[in-house]
Amino acid sequence: MSKAESLHGQWRSRWTYFLAATGSAVGLGNIWKFPYIAGEYGGGAFVLVYLLCIVVVGWPVLIAEAAIGRRGRKSPLNSMLDLARAAGASPHWRWLGWAHAVTGLLILSFYTVIAGWSLFYIVESAAGIFATGERAVVERVFRDFTGDFSAVLGYSTLFLSITMLCIGRGVEKGIEASLRYVMPGMLALLLVLVGYAMSSGDFEAGLRFLFAPDFSALTVNAVLVALGHAFFTLGLGAGAMMIYGAYTPARMSLPRSAVDIAVADTFIALLAGLALFPILFASDLEPQQGPGLIFLTLPIAFGNMPFGTLFGTVFFVMLALAAYSSAISMIESMVTIWIEKWRVSRAFAATVLGVIVWLLSLGTVMSFSIAHEPLLWDKNFFQLLDYITSNLLLPLVSLGTAIFAGWVVRRPVLEETLRARSRAVFTLWYGAVRWLAPIAIGLVFLSAIGFFSS
Ligand code: TRP
């Protein structure tokens, strides 16, 4: 039998696990990345491929991560080590546990910077700075702020401190206690914004941009982006779901809850698109690449609409809440590794790791000011880190995790741990994690290599 409880804590109910896991899944990726890449890479055609990636790869890997965590009830490092030993496999599998935690830490180092921007934008929009809706004003605010090393660092430090404070307080008193309010609040604000977009924006144009399929835009690169985003948006391949799985009540069905989480995440990404694009198109603004979409174009749009100051502020509060619930999930697994390995207190681990993430985040902060020049592959530090983690590390670590769950851990152990409601569901998952997910990830990788070399 797997142990009933982790030494690090336990979710009080299935519901709080759902909140935490969905909180991890729903983040900047849903609001800043998804709507944009969907529009860019072929609208409905891309959404279809993305959904396929979620079903074929996301669902099985999410369950695999949660199952490893639940079986081990420890940090990803020691859970993987215990499971490998129990299966008579190499203890080197623990390096995959490390890889999970390191990937999470790297992602947090740039995530916290963008989340910091949203804090700044709450202040600015509430102060009515965008009320004019003049492009020149908004652009100046954006350029002056992002190019201001100490301002960006200040806000990013503030965000990181809030995140590490929550982590330092632990699973029940920190993560659970805050997400109880943060998640419903975030969803309520998003729904308000969708209502606003429907009544004041160009809803039809938004729908068209997001859903009208353009199969010619669906390149190999687009498929790779869809796959990378499926991992990113579900928070896979970086220890988050593994450590959250370690806190799940023993009897809850993992396949079932994975469906709930994936559906909630996708639903919110689509809602975000339905809030964003009608607002942009109402002012005839072009959606564009990356952070510029929400920090540059969106404020102009809000400025041109009725009650723009109010709804603009609502938007950035919503964004900050979504980022917060994701950020905490990126570092929790590294914190548990430190607690287990060096027997330090949670507060100590959270503090030291906070400093490490902060130091790394300097690279991203500089990427918008003194070091915005490309370093490699035409990308600066921030773009490189984003690209390497999302498109390389997340798929590779997830591939390893699928292979570990599907081929190393013994089948009866999995059956006992998953708590699938029926044999058929288990068999379906088992086939997916052994064959479908690894082959899909491998194929996309191979074609990507072909793509890069051509
Ligand atoms: N899923 C979050 C988003 O869409 C980001 C995130 C949270 C994440 N936890 C993660 C990404 C772990 C990778 C790994 O913004």
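1. A nitrogen atom of the ligand lies 2.9 Å from a backbone N or O atom of Ala25. Ser24 likewise places a backbone N or O atom 2.9 Å from a nitrogen atom of the ligand, and a polar backbone atom of Thr233 is 3.1 Å from a ligand nitrogen. Polar contacts here are N or O pairs within 3.5 Å. The ligand exposes 360 Å² when taken alone, and the protein buries 100% of that (Shrake-Rupley areas, 1.4 Å probe).

2. Please keep in mind that this is a predicted model, where local features need pLDDT of at least 70 and side-chain atom pairs pLDDT 80 or more, while totals for chains, interfaces and linings use all residues. Numbering runs from 1 along each chain as its sequence is written, and side-chain values use heavy atoms, without hydrogens and water.

3. Around the ligand there are 16 residues, and the closest are Ser24, Ala25, Gly29, Tyr111 and Phe232.

4. Ser156 sits in helix α7, residues 149-169 (a DSSP run of H or I, at least four residues). Ser156 counts as buried because its relative accessibility is 1%, the cut-off being under 20% with a 1.4 Å probe and protein chains only. Leaving aside residues up to four places away in sequence, Ser156 touches Thr112, Val113, Gly116 and Ser361, with contact meaning heavy atoms within 4.5 Å.

5. How many disulfides does a search of the whole structure find? The count is 0, for cysteine sulfur pairs within 2.5 Å. Cys53 is buried at 10% relative accessible area, and Cys166 is buried at 6% relative accessibility.

How values were computed:
Helices (H or I, at least four residues) and strands (E, at least two) are DSSP runs, numbered from the N terminus. Buried means under 20% relative accessible area, exposed over 50%, partly exposed in between (1.4 Å probe, protein chains only). A residue is near a molecule or strand if one of its heavy atoms lies within 4 Å of it. A polar contact is a pair of N or O atoms within 3.5 Å; within protein, one must be able to donate a hydrogen and the other to accept it, and residues adjacent in sequence count only if both atoms are side-chain atoms.
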